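This report looks at charged side-chain pairs and at one strand with its neighbours. Please keep the sequence and the model in view while reading.

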Amino acid sequence: MRLAERIRHVELSPTFKINAMARRMKAEGIDVLDFSVGEPDFDTPPSVKEGGKLAIDRNLTRYTANEGTQELRQAIAAKLKRDNGLSYGTDQILVSPGAKASLYCAVMALFGPGDDVLVPQPYWVSYPEQIRLAGATPIALIAAEGNGFKITARDLDAAIGPETRGLILNYPSNPTGACYDADELAALAEVVVRRNLVVIADEIYEKLLYDRRTFTSIAALGPAIAARTVVVNGMSKAFAMTGWRLGYAAGPKEFVDAMGKVQSHTTSHPTSISQFAGEIALREAENDVRRMAAEFEKRRDAIVARLAELSGLTCVPPAGAFYVFPNVSGWFGRAIGGRTVTCGQDVAEALLETARVAVVPGEAFGSRDHIRISFSCGPQRIEEGLRRIGEATRPA
């Protein structure tokens, strides 16, 4: 049986691959510490859980509008105005089953065959694959480690070719935790407007910023950039609602209407229960978010300090999110558990086999020199995991 040609160019998400291997080992009774998946270990805030129960009790279990309930879109509009200085009507907001679905709708609505889309590298694993599914071409734009894994306006301007249509900008970043300040974003926005690009701004980690940094949305930097930007966000990371599958996008009505068409023929709206709970989260759970962010910052400090003790490894401290992206090229040529490693994939496999620690190889994000470690788990697990990694990689 012949498969569609497009699927031949798309890979299964590597993060889920590694997680599946770790799960199989755990099922065999092996003690594996899994640092591969970006999922907070906190419980969903109590008020949000109660909201989900209340939705069931009130029989709010039927279809909603394709674009999401009016009440949730009002809450999202209020959040965007309050937190980001963005003014959107509810008809400029689309609620989806997770931010990944929001991104997919945006990519499918904005890009197609013949379009080149710039993706800063290292990148989240699904950006290039979604672009390929749309028939467009992902173009990697190196975000240099020496520049804190961030692109500059000069980098962006130089990368734009005759077929370049758009830019996907994720900040704070998965996998690096890098985040742009207002001045850096303003310089990028000037290029975007002057060169007539569209931007998908993935802001899913905006609440998880450290060292008293403040978050700026690129769409807030004036009407010209707002007119060509889709802002994507969601509830999974900051509100510990990964399983609720709730994301959203906001932007020019023309863009959002087109995204709604895609959604109407794919997933339709998220569950009515999740939408009701999401409304509660946006209105009542901000203190819970601050508490979780403060704990993540402590974990960030702890894991960066422990990584600094490992010989042959370097790590740029993340400004946000809950990942570190250490450079492990100093280990290349070294034996880890009897295996001589030459790339991030080798390191990840050796650590899983030898140290029983699951990390994601940097190749998944466009770099053979790195691995990604999630610190979304508790401090004791972080300490034990880094102890195991240290033992496994200690020079003979």
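With a relative accessibility of 4%, R300 counts as buried. The model is a predicted one, and in it the side chain of R300 meets that of E297 in a salt bridge, at 3.7 Å from N to O. E297 counts as partly exposed, at 22% relative accessibility. Both R300 and E297 belong to helix α11 (residues 286-308), where they lie three residues apart, about one turn of the helix.

## Other salt bridges

Across the whole structure, a search finds 29 salt bridges. One of them joins R339 to E353, with the closest N and O atoms 2.9 Å apart. This pair links distant parts of the chain, since R339 lies in strand β11 (residues 339-340) and E353 in helix α12 (residues 344-355), 14 residues apart. Salt bridges that share partners also join D31, E384, R387, R388 and E391 into one network.

D83 forms a salt bridge with R82, the closest N and O atoms being 3.2 Å apart, and D83 is partly exposed, with a relative accessible area of 27%.

Strand β3 (residues 116-121) is mostly covered, six of its six residues being buried. In a regular strand the side chains alternate between the two faces of the sheet. In β3 both faces are covered, with D116, L118 and P120 buried on one side and V117, V119 and Q121 buried on the other.

β3 pairs in the parallel sense with strand β4 (residues 137-142) over six bridges, and P120 has L141 as its bridge partner in β4. Together with helix α5 (residues 126-133), β3 and β4 make a right-handed β-α-β unit. β3 also pairs in the parallel sense with strand β5 (residues 164-170), over three bridges, and there the bridge partner of L118 is L167.

Terms used: Residues are numbered from 1 along each chain as its sequence is written. This is a predicted model: local features need pLDDT of at least 70, side-chain atom pairs count only at pLDDT 80 or more; totals for chains, interfaces and linings use all residues. Side-chain values use heavy atoms; hydrogens and water are left out. Buried means under 20% relative accessible area, exposed over 50%, partly exposed in between (1.4 Å probe, protein chains only). Helices (H or I, at least four residues) and strands (E, at least two) are DSSP runs, numbered from the N terminus. Two strands pair if DSSP finds at least two bridges between them. A crossover is right-handed if, with the strands pointing away from the viewer, the path from the first strand over the helix to the second runs clockwise. A salt bridge is a side-chain nitrogen of Lys or Arg within 4 Å of a carboxyl oxygen of Asp or Glu.
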